[in-house]
Amino acid sequence: MSQYLDFVDLKYNPKKSDLIVLFRVEPARGISKKEAIGRVAAESSNGTWTTLSTLKPHIRKIRARAFKLNGNNVKIAYPLELFEQGNIPQLMSSIAGNIFGMKAVRNLRLEDIYFPKEYVKHFKGPQFGIKGIRKYMKIKNRPMIATVPKPKVGLTTKEHTKVILDSWTGGVDFAKDDENLTSQNFNKFEERVKQAAKARDKAEKITREKKDYFINISAETDEMIRRAEIVKNYNFKYVMADILTLGWSGIQ
């Protein structure tokens, strides 16, 4: 237990460069609150369940520290050295990984994360932002409107693009695929993009407005890149990717 308490320091004053995570921790039966939060801080940084001969002072220096308690809520500060720049999977493996399988906690919830500027700067963020999208779409003030053709799956390519065309000519700016429509036999990806491009050109001629389409490219990574190239070749400016199934790496 003593090695876990080393990760609890209620006098610690976080640095500006620290990444701070708010957890809700409910200890398991027979485990004190301090030990439970110490285990969370240890297992999500550089601690472990046994005594180490390799734990040198410079390693101990970059340990996580639980520094603020409020009921079952605890804030834990992580030195930035613990994380690889620009790597969300590695971050999530640390602060949202095997700690959720620990027997020392009855319940554990990650509530919030504060990212220091030094970490955030390694992610580009939106390429153009809302101003850039408005400029491209030539929509200055009004809301931009999107719709998702329904049912989610089952419509043929022809039926699907007819719904999109009707939506565009009815005043909608963007069509969007549902998350489970990719390239099924009744609505193949490449044919859908091809027919949607024709529908877009027709809708733009009728309405004299820009129209675009969030096309679902979710698949194996190389296939996603191939599909994104197809979308680009037909002069659509957007794609849709399902982060829940692709994960952070696929999105990045």
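Glu 223 and Arg 227 lie 4 residues apart in helix 9 (residues 221-233), so about one helical turn separates them. Helices here are DSSP runs of H or I with at least four residues, strands are runs of E with at least two, and both are numbered from the N terminus. This is a predicted model, in which local features need pLDDT of at least 70 and side-chain atom pairs count only at pLDDT 80 or more, while totals for chains, interfaces and linings use all residues. Residues are numbered from 1 along each chain as its sequence is written, and side-chain values use heavy atoms, with hydrogens and water left out.

The side chains of Glu 223 and Arg 227 form a salt bridge at 2.8 Å, N to O. That term means a side-chain nitrogen of Lys or Arg within 4 Å of a carboxyl oxygen of Asp or Glu. Arg 227 is buried at 10% relative accessible area, whereas Glu 223 is partly exposed at 22%. Buried means under 20%, exposed over 50%, and partly exposed in between (1.4 Å probe, protein chains only). Both residues also belong to a salt-bridge network with Glu 190 and Arg 226.

Now look at Asp 178 and Lys 150, whose side chains meet in a salt bridge of 2.5 Å, N to O. This pair links distant parts of the chain, 28 residues apart: Asp 178 is in the loop between strand 6 (174-176) and helix 8 (189-207), and Lys 150 is in the loop between strand 5 (146-147) and helix 7 (157-169). Asp 178 is buried, at 5%, but Lys 150 is partly exposed, at 49%.

In all, the structure holds 16 salt bridges.
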